[in-house]
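Student: I have a model open and want to learn how to read it. Can we go feature by feature?

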Amino acid sequence: MDAERRDVVRSRVFGEVAEVYDAYRPGYPDALVDEVLAYAALGGRPAVEVGAGTGKATAAFAARGVPLVCVEPDPRMAEVLARTTAPYPQVRVEVGAFEEWEPGGRRYGLLAAAACWHWLDRDRRWDLVHAALAPGGAVALFWNGRAVRDEGLRTALAEVDARHGVDRVPHSDPLSAWEDEQAAWAEGTGWPAEECRRDGRFTGLRSVRFREEHRYGTEHWVGYLSSISAYRMLPEDRRASALAGIAGVLDAHGGGIDVVGVSDLFLARAR
(Lines give C-alpha, C1' and ligand atoms only; values in the text may rest on other atoms or scores of the structure.)
Protein backbone atom coordinates (compact mmCIF):
# COMPACT_ATOMS: atom_id res chain seq x y z
CA MET A 1 0.00 0.00 0.00
CA ASP A 2 1.48 3.39 -0.98
CA ALA A 3 1.87 6.12 1.65
CA GLU A 4 -1.01 8.26 0.38
CA ARG A 5 -3.45 5.36 0.37
CA ARG A 6 -2.25 4.27 3.79
CA ASP A 7 -2.94 7.76 5.16
CA VAL A 8 -6.49 7.63 3.78
CA VAL A 9 -7.08 4.23 5.38
CA ARG A 10 -5.50 5.36 8.64
CA SER A 11 -7.68 8.48 8.77
CA ARG A 12 -10.82 6.33 8.67
CA VAL A 13 -10.04 3.80 11.42
CA PHE A 14 -11.49 5.88 14.24
CA GLY A 15 -15.05 4.92 13.38
CA GLU A 16 -14.26 1.34 14.44
CA VAL A 17 -14.20 2.62 18.02
CA ALA A 18 -16.35 5.74 17.84
CA GLU A 19 -17.78 5.27 21.34
CA VAL A 20 -14.32 4.64 22.82
CA TYR A 21 -12.99 7.70 20.99
CA ASP A 22 -15.77 9.80 22.47
CA ALA A 23 -15.25 8.43 25.97
CA TYR A 24 -11.46 8.71 26.21
CA ARG A 25 -10.21 11.41 23.85
CA PRO A 26 -9.67 14.74 25.64
CA GLY A 27 -11.62 17.84 24.75
CA TYR A 28 -10.17 21.34 24.42
CA PRO A 29 -9.58 24.06 27.03
CA ASP A 30 -12.21 26.76 27.39
CA ALA A 31 -9.42 29.29 26.93
CA LEU A 32 -8.71 27.89 23.45
CA VAL A 33 -12.34 28.19 22.42
CA ASP A 34 -12.45 31.75 23.78
CA GLU A 35 -9.29 32.61 21.81
CA VAL A 36 -10.78 31.28 18.58
CA LEU A 37 -14.05 33.14 18.98
CA ALA A 38 -12.36 36.40 19.95
CA TYR A 39 -10.13 36.16 16.88
CA ALA A 40 -12.95 35.19 14.51
CA ALA A 41 -15.37 37.86 15.78
CA LEU A 42 -18.21 36.02 14.10
CA GLY A 43 -20.98 38.46 14.96
CA GLY A 44 -23.61 35.82 14.20
CA ARG A 45 -21.94 34.50 11.04
CA PRO A 46 -21.94 30.70 10.75
CA ALA A 47 -18.90 28.45 11.16
CA VAL A 48 -17.95 25.15 9.57
CA GLU A 49 -16.00 22.42 11.35
CA VAL A 50 -14.25 19.85 9.20
CA GLY A 51 -13.45 16.37 10.46
CA ALA A 52 -15.67 17.01 13.47
CA GLY A 53 -15.37 13.42 14.74
CA THR A 54 -17.63 12.75 17.71
CA GLY A 55 -17.75 16.41 18.68
CA LYS A 56 -14.82 16.78 21.09
CA ALA A 57 -14.48 20.42 19.99
CA THR A 58 -17.95 20.91 18.52
CA ALA A 59 -19.85 20.84 21.80
CA ALA A 60 -17.78 23.69 23.25
CA PHE A 61 -18.48 25.96 20.28
CA ALA A 62 -22.13 24.91 20.09
CA ALA A 63 -22.63 25.66 23.80
CA ARG A 64 -21.59 29.25 23.06
CA GLY A 65 -24.37 29.55 20.50
CA VAL A 66 -22.21 29.37 17.36
CA PRO A 67 -24.19 28.30 14.24
CA LEU A 68 -22.23 25.31 12.95
CA VAL A 69 -22.10 23.01 9.96
CA CYS A 70 -20.10 19.90 10.90
CA VAL A 71 -18.53 17.85 8.13
CA GLU A 72 -17.47 14.33 9.16
CA PRO A 73 -16.39 11.60 6.70
CA ASP A 74 -17.13 8.54 8.86
CA PRO A 75 -20.84 7.75 9.39
CA ARG A 76 -20.08 5.92 12.65
CA MET A 77 -18.37 8.97 14.08
CA ALA A 78 -21.11 11.19 12.67
CA GLU A 79 -23.73 9.13 14.49
CA VAL A 80 -22.09 9.93 17.83
CA LEU A 81 -21.59 13.54 16.71
CA ALA A 82 -25.32 13.88 15.97
CA ARG A 83 -26.09 12.65 19.47
CA THR A 84 -23.56 15.05 21.00
CA THR A 85 -25.02 18.03 19.15
CA ALA A 86 -28.70 17.09 19.56
CA PRO A 87 -29.24 19.74 22.28
CA TYR A 88 -28.07 22.48 19.89
CA PRO A 89 -30.58 23.22 17.12
CA GLN A 90 -28.15 25.60 15.38
CA VAL A 91 -25.80 22.69 14.55
CA ARG A 92 -26.12 20.62 11.38
CA VAL A 93 -24.15 17.43 10.72
CA GLU A 94 -23.21 16.48 7.15
CA VAL A 95 -21.58 13.13 6.42
CA GLY A 96 -18.82 13.25 3.83
CA ALA A 97 -15.18 14.11 3.21
CA PHE A 98 -14.21 17.75 3.31
CA GLU A 99 -12.51 17.31 -0.06
CA GLU A 100 -15.92 16.44 -1.55
CA TRP A 101 -18.05 18.86 0.47
CA GLU A 102 -19.80 21.72 -1.31
CA PRO A 103 -20.39 24.97 0.62
CA GLY A 104 -23.49 25.53 -1.50
CA GLY A 105 -22.60 29.11 -2.31
CA ARG A 106 -22.39 30.04 1.37
CA ARG A 107 -19.23 31.60 2.82
CA TYR A 108 -18.33 31.11 6.46
CA GLY A 109 -16.86 33.36 9.12
CA LEU A 110 -14.82 30.55 10.65
CA LEU A 111 -13.45 27.21 9.54
CA ALA A 112 -12.28 25.02 12.43
CA ALA A 113 -10.35 21.76 12.23
CA ALA A 114 -9.63 19.86 15.44
CA ALA A 115 -6.97 17.14 15.26
CA CYS A 116 -7.61 16.43 11.59
CA TRP A 117 -5.62 18.91 9.48
CA HIS A 118 -2.84 16.37 8.84
CA TRP A 119 -5.40 13.96 7.33
CA LEU A 120 -6.68 16.42 4.70
CA ASP A 121 -5.43 16.44 1.10
CA ARG A 122 -2.12 18.31 1.25
CA ASP A 123 -2.44 19.60 -2.31
CA ARG A 124 -5.95 21.01 -1.88
CA ARG A 125 -6.60 21.87 1.74
CA TRP A 126 -5.71 25.57 1.63
CA ASP A 127 -7.71 25.99 -1.59
CA LEU A 128 -10.72 24.37 0.06
CA VAL A 129 -10.39 26.51 3.19
CA HIS A 130 -10.14 29.69 1.16
CA ALA A 131 -13.17 28.74 -0.92
CA ALA A 132 -15.26 28.15 2.21
CA LEU A 133 -14.37 31.40 4.00
CA ALA A 134 -15.89 34.83 3.55
CA PRO A 135 -13.36 37.63 3.05
CA GLY A 136 -11.78 38.20 6.44
CA GLY A 137 -13.02 34.83 7.68
CA ALA A 138 -10.82 32.95 10.14
CA VAL A 139 -9.28 29.49 10.02
CA ALA A 140 -8.53 27.77 13.33
CA LEU A 141 -6.45 24.59 13.38
CA PHE A 142 -5.88 22.93 16.74
CA TRP A 143 -4.91 19.62 18.29
CA ASN A 144 -3.91 18.03 21.58
CA GLY A 145 -0.61 16.45 22.54
CA ARG A 146 0.61 14.52 25.56
CA ALA A 147 4.16 14.08 26.97
CA VAL A 148 5.01 11.70 29.80
CA ARG A 149 6.54 13.49 32.76
CA ASP A 150 8.54 10.47 34.06
CA GLU A 151 11.35 9.74 31.58
CA GLY A 152 11.84 6.21 32.89
CA LEU A 153 8.17 5.43 32.35
CA ARG A 154 8.27 6.95 28.88
CA THR A 155 11.22 4.72 27.98
CA ALA A 156 9.45 1.62 29.27
CA LEU A 157 6.32 2.43 27.24
CA ALA A 158 8.41 3.06 24.13
CA GLU A 159 10.00 -0.37 24.52
CA VAL A 160 6.55 -2.00 24.51
CA ASP A 161 5.62 -0.07 21.36
CA ALA A 162 8.86 -1.03 19.62
CA ARG A 163 8.27 -4.73 20.31
CA HIS A 164 4.87 -4.53 18.63
CA GLY A 165 5.78 -2.30 15.69
CA VAL A 166 3.84 0.74 16.88
CA ASP A 167 5.06 3.98 15.35
CA ARG A 168 4.96 7.45 16.92
CA VAL A 169 2.23 7.72 19.55
CA PRO A 170 1.21 10.24 22.26
CA HIS A 171 3.79 9.08 24.80
CA SER A 172 6.72 8.87 22.35
CA ASP A 173 8.26 12.33 22.69
CA PRO A 174 10.35 13.30 25.72
CA LEU A 175 9.12 16.34 27.58
CA SER A 176 12.38 18.12 26.79
CA ALA A 177 11.56 17.97 23.07
CA TRP A 178 8.29 19.77 23.69
CA GLU A 179 10.01 22.43 25.76
CA ASP A 180 12.50 23.01 22.93
CA GLU A 181 9.62 23.31 20.47
CA GLN A 182 7.88 26.02 22.49
CA ALA A 183 9.96 28.96 21.21
CA ALA A 184 9.55 28.01 17.55
CA TRP A 185 5.83 27.53 18.03
CA ALA A 186 5.39 30.92 19.71
CA GLU A 187 7.33 32.58 16.89
CA GLY A 188 5.08 30.97 14.28
CA THR A 189 7.98 29.31 12.48
CA GLY A 190 6.72 25.71 12.61
CA TRP A 191 4.01 23.71 10.89
CA PRO A 192 1.37 24.70 9.82
CA ALA A 193 2.37 28.37 9.96
CA GLU A 194 5.06 28.01 7.30
CA GLU A 195 2.67 26.14 5.02
CA CYS A 196 0.05 28.86 5.42
CA ARG A 197 2.58 31.62 4.89
CA ARG A 198 3.71 30.05 1.62
CA ASP A 199 0.11 29.94 0.43
CA GLY A 200 -0.05 33.73 0.59
CA ARG A 201 -3.83 34.16 0.79
CA PHE A 202 -3.99 34.54 4.57
CA THR A 203 -2.92 37.19 7.04
CA GLY A 204 -2.84 37.74 10.79
CA LEU A 205 -1.10 34.42 11.51
CA ARG A 206 -1.05 33.54 15.21
CA SER A 207 0.14 30.51 17.18
CA VAL A 208 -0.95 29.91 20.79
CA ARG A 209 -0.13 27.01 23.12
CA PHE A 210 -2.25 26.03 26.13
CA ARG A 211 -0.70 23.78 28.77
CA GLU A 212 -2.28 21.59 31.45
CA GLU A 213 -1.11 18.75 33.70
CA HIS A 214 -3.10 15.52 33.94
CA ARG A 215 -3.09 12.25 35.84
CA TYR A 216 -4.69 9.25 34.11
CA GLY A 217 -5.34 5.81 35.54
CA THR A 218 -4.29 2.70 33.61
CA GLU A 219 -7.76 1.96 32.28
CA HIS A 220 -8.25 5.48 30.98
CA TRP A 221 -4.84 5.71 29.30
CA VAL A 222 -5.21 2.31 27.62
CA GLY A 223 -8.70 3.28 26.46
CA TYR A 224 -7.27 6.48 25.04
CA LEU A 225 -4.48 4.64 23.23
CA SER A 226 -6.96 2.14 21.79
CA SER A 227 -8.47 5.03 19.82
CA ILE A 228 -5.12 6.12 18.35
CA SER A 229 -4.53 5.24 14.68
CA ALA A 230 -1.06 3.76 15.33
CA TYR A 231 -2.73 1.03 17.40
CA ARG A 232 -5.87 0.74 15.26
CA MET A 233 -3.70 -0.12 12.24
CA LEU A 234 -2.22 -3.17 13.98
CA PRO A 235 -3.70 -6.66 13.53
CA GLU A 236 -6.16 -7.29 16.33
CA ASP A 237 -4.02 -9.80 18.20
CA ARG A 238 -0.92 -7.60 18.09
CA ARG A 239 -2.93 -4.56 19.17
CA ALA A 240 -4.35 -6.46 22.14
CA SER A 241 -0.86 -7.61 23.11
CA ALA A 242 0.57 -4.10 22.82
CA LEU A 243 -2.17 -2.55 24.95
CA ALA A 244 -1.84 -5.31 27.53
CA GLY A 245 1.88 -4.58 27.67
CA ILE A 246 1.18 -0.88 28.20
CA ALA A 247 -1.27 -1.72 30.98
CA GLY A 248 1.32 -3.92 32.66
CA VAL A 249 3.92 -1.16 32.63
CA LEU A 250 1.48 1.39 34.07
CA ASP A 251 0.29 -0.99 36.78
CA ALA A 252 3.91 -1.52 37.78
CA HIS A 253 4.36 2.27 38.02
CA GLY A 254 1.55 2.92 40.48
CA GLY A 255 -1.44 2.30 38.26
CA GLY A 256 -1.37 5.45 36.20
CA ILE A 257 0.54 8.07 34.28
CA ASP A 258 1.32 11.77 34.77
CA VAL A 259 1.39 13.73 31.55
CA VAL A 260 1.88 17.29 30.41
CA GLY A 261 -0.88 18.11 27.98
CA VAL A 262 -0.65 20.85 25.39
CA SER A 263 -3.33 22.15 23.07
CA ASP A 264 -1.80 23.96 20.12
CA LEU A 265 -3.84 26.52 18.17
CA PHE A 266 -3.04 28.12 14.83
CA LEU A 267 -5.10 31.04 13.56
CA ALA A 268 -5.14 32.94 10.28
CA ARG A 269 -7.51 35.17 8.37
CA ALA A 270 -8.48 35.08 4.69
CA ARG A 271 -7.32 38.22 2.89
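Student: Where is Glu195 found?

Tutor: Glu195 is found in helix H9. Helices (H or I, at least four residues) and strands (E, at least two) are DSSP runs, numbered from the N terminus. This is a predicted model: local features need pLDDT of at least 70, side-chain atom pairs count only at pLDDT 80 or more, and totals for chains, interfaces and linings use all residues. Residues are numbered from 1 along each chain as its sequence is written, and side-chain values use heavy atoms, with hydrogens and water left out.

Student: Is Glu195 buried or exposed?

Tutor: Buried means under 20% relative accessible area, exposed over 50%, and partly exposed in between (1.4 Å probe, protein chains only). Glu195 has a relative accessible area of 16%, so Glu195 is buried.

Student: Which residues does Glu195 touch?

Tutor: Contact means heavy atoms within 4.5 Å. Leaving out residues up to four places away in sequence, Glu195 touches Trp117, Arg125 and Trp126.

Student: How do I read the nonpolar cores?

Tutor: In soluble globular proteins, nonpolar side chains tend to be buried together. A nonpolar core is a set of buried Ala, Val, Leu, Ile, Met, Phe, Trp, Tyr and Cys residues joined through side-chain atoms within 4.5 Å. The largest one here has 28 residues. Val36, Leu68, Leu110, Phe142 and Leu265 touch the most other members. Among the elements that give two or more residues are H3, strand S2 (68-72) and strand S7 (256-270). H3 supplies the largest share, 5 residues. A second, separate core of 26 residues includes Leu111, Trp126, Ala268 and Ala270.

Student: How many aromatic pairs are there?

Tutor: Rings of Phe, Tyr and Trp (its six-membered ring) pair if their centres lie within 6.5 Å. Planes under 30 degrees apart count as stacked, over 60 as edge-to-face, and the rest as tilted. The count comes to 11 aromatic pairs. Take Trp143 and Trp191: their pair is tilted, 5.6 Å centre to centre, with 45° between the planes. Trp143 lies in strand S5 (residues 133-148) and Trp191 in the loop between helix H8 (175-187) and helix H9 (193-199), so the pair ties together parts 48 residues apart in sequence. Trp191 is partly exposed, at 40% relative accessibility. Elsewhere, ring pairs link Phe14, Tyr21 and Trp119 into a cluster.

Student: Which charged end sits over the ring of Tyr39?

Tutor: A charge sits over a ring if NZ of Lys or CZ of Arg is within 6 Å of the ring centre and within 35 degrees of the ring normal. Here the charged end belongs to Arg269, 4.1 Å from the centre of the Tyr39 ring.

Student: How many disulfides does the structure hold?

Tutor: A disulfide is a covalent bond between the sulfur atoms of two cysteines. The cut-off is a pair of cysteine sulfur atoms within 2.5 Å. The structure holds 0 disulfides. For Cys70, the nearest cysteine sulfur is that of Cys116, 11 Å away. Cys70 is buried, with a relative accessible area of 0%. For Cys196, the nearest cysteine sulfur is again that of Cys116, 15 Å away. Cys196 is buried too, at 1% relative accessibility.

Student: What should I look for in phi?

Tutor: Most residues other than glycine have a negative phi. Ala41 has a positive phi, near 45°. Ala41 sits in the loop between helix H3 (30-40) and strand S1 (47-50). At 53% relative accessibility, Ala41 is exposed. Phi of Ala115 is also positive, near 60°. Ala115 belongs to the loop between strand S4 (108-114) and helix H6 (125-132). At 24% relative accessible area, Ala115 is partly exposed.
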